[in-house]
Amino acid sequence: MTYEQDASEALRLSCVEATDRLIDALAVRGFQQVDDVSETWRGVLHIDVDPDGVDVHTLIDVQIPADYPYAQPKITPLSSAAAMTRAGSDLSRYYEASSTWHREPSGHLCLFEHADHSRLPWADAGDLLEQVQAWLREDRAGWPTGAPALDLERYLSSTGEVVLFDDPRSVAGKVVHLKRRGSVWVVDLPAKVPRGRRGVKARWSPGVALVLDVGELDRPIRDWPSLLDAAGEQAHHLHREVASGIRELVLTYRRGSAAGVLALRLRPTASGWTVKAHTAAPRDTASLTRRAHPKRNILAQLAITVVGVGAIGSVLTDLLHRSGVGRLHLVDPDIVLPGNVIRHLVGADQVGKPKVTAVAHTVRSARPESDQNVTTEHGRITSLQAARDLFRTCDLVVDATADSTASTLIGAAARAGAGRAISVCVLADGYAIRVDHWPEPSTGTLAAPVLPPVQSGTYETGCSSPISTTPPAAAWEAAALGARHAIDVVLGISSRASEQRILHAQGTLR
């Protein structure tokens, strides 16, 4: 048996053992198998006790997938009619699960958030059934403690398309243009009412959407009737615009204190309308900066100069830009060559351009709505005066040059009181990474590491020294370390002044 076959058999046996444990636990609780093909087990689950002391129950099906415990079991509560028919007797105080929140279109319960799986919470039968009980209790109470999840697209089939918006509430009740930008649609300005002969309103052309504010939602929109129900007093307006050709809708809604947007597409069928959902996403400034640094508002007022935007400096620049640093000034004398793009931030489309120009273009293109200022200087630091000038218009200078002359000059200027600087580098072609602060802290500098011998490198046309064999991961890790230090310095966050990390065990570098 091959290694792959051994691994496959081991995984199969682990699934069999886990399934057997779950079945045993279900059987102890009185569950019985109702379908051996789909491995479905049915049983009564106690939910709660009424004030008069009568137990409340729900009959559920537990479908165990072939890849259990790596795949989640599907839990389906039965309706009261189905429960009475299949149980063979009346179940007093039966609770029939609703089709409101946290239930998939298939009828299965949504028990666990997919993004929160640090373990397999359904691998233990007790934990699984307790979660089902908790779901049913919350459902029976109307989800009073439920988080205001704004993923209402999950309750509908998807179109596979994306709609971006800024503030649709400002155009609620109006028909707006949907502008195609690449692979997405963008909610744009209000559209003029189409007029036919004698000024009579004509049908709407494609590429427009009706915006409605449906207020607080007490249940998800799953189909055309529930859409009309959510529209409330605006249902007549919705009917009229749909009859005039509207096929796209942008709904603004609220769930508690949270506000959301649901973008829909309507398609006529013989029995009415089908409703599908686009993926809707905000593109306003607050949304675009929400995932930046927690103190992005302070960073927006600060300036950092990055000297050397090669493998380390280019990625470091990108991280500072993503974090929200308001002004970035880039200094580098080189141009982008084909071999650079392996470790560099920029791609092959920037070959032949100055590195500062290429990096500035790349970060601006990645975040075109940003109001951050990125300036460039195509040149080398060769004098103490040039080094001192770097500090005049910024809060910090980051040296990522791997140029001993430039590093020495920047360090000397910082020690002389010109300002604060840090140096970021990779040592011995990826053996270690290091960040030093200038002027040095009162505790002194870090001791130089004992480095392993580096293999002789390969020479390349246009280079006077051998090509570094530093792996891309080491360069990017150094950039991340440098970015964290740079942000801590400009924010005045107390941290160790210098830092060094050994990325390889002694003697393992080849």
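Two residues are in contact when heavy atoms lie within 4.5 Å. Helices (H or I, at least four residues) and strands (E, at least two) are DSSP runs, numbered from the N terminus.

**Basis of the entries.** I worked from a predicted model, in which local features need pLDDT of at least 70 and side-chain atom pairs count only at pLDDT 80 or more, while totals for chains, interfaces and linings use all residues. Residues are numbered from 1 along each chain as its sequence is written, and side-chain values use heavy atoms, with hydrogens and water left out.

**Entry 1: H102.** I set aside the neighbours of H102 within four places in sequence and found it in contact with L109, C110, W135, W143 and Y155. Is H102 buried or exposed? I looked up its relative accessibility, which is 12%, so H102 counts as buried. The term buried means under 20% relative accessible area, exposed means over 50%, and partly exposed lies in between (1.4 Å probe, protein chains only).

**Entry 2: S205.** I located S205 in the loop between strand 7 (184-190) and strand 8 (208-216). S205 has a relative accessible area of 46% and is therefore partly exposed. I also noted that S205 and P194 are eleven residues apart in sequence, with 8.3 Å from C-alpha to C-alpha.

**Entry 3: helix 9.** Helix 9 (residues 355-366) has twelve residues, and I recorded a reach of 16 Å from its first C-alpha to its last, close to the 16 Å expected at 1.5 Å a residue. The expected span is 1.5 Å times one less than the number of residues. Which residues of helix 9 are buried? They are K355, V356, A358, V359, A360, T362 and V363. An α-helix has 3.6 residues a turn, so residues three or four places apart point the same way. Among the elements that cover the buried residues of helix 9, I listed helix 8 (311-323), strand 13 (327-332) and strand 14 (373-378).

**Entry 4: helix 4 and helix 5.** I found that helix 4 (residues 224-231) and helix 5 (residues 235-243) pack at an angle of about 130 degrees, with axes 8 Å apart. Axes are lines fitted to C-alpha atoms, for helices over the stretch in contact, and angles run from 0 to 180 degrees between N-to-C directions. The two helices are therefore oblique to each other. Angles under 35 degrees count as roughly parallel, over 145 as roughly antiparallel, 65 to 115 as roughly perpendicular and the rest as oblique. W224, L227, L228 and A231 of helix 4 meet A235, L238, H239 and V242 of helix 5 in this contact.

**Entry 5: salt bridges.** My search of the whole structure gave 23 salt bridges, each a side-chain nitrogen of Lys or Arg within 4 Å of a carboxyl oxygen of Asp or Glu. One of them joins R140 and D48 (3.8 Å, N to O). R140 lies in helix 3 (residues 125-140) and D48 in strand 2 (residues 40-49), 92 residues apart. R140 is partly exposed at 34% relative accessibility, and D48 is partly exposed at 31%. I noted that D48, D50, D52, R93 and R140 are linked in a network of salt bridges.

In a further salt bridge, the closest N and O atoms of R367 and D318 are 2.6 Å apart. R367 lies in the loop between helix 9 and strand 14 and D318 in helix 8, so this pair ties together parts 49 residues apart in sequence. I recorded D318 as buried, with a relative accessible area of 6%.
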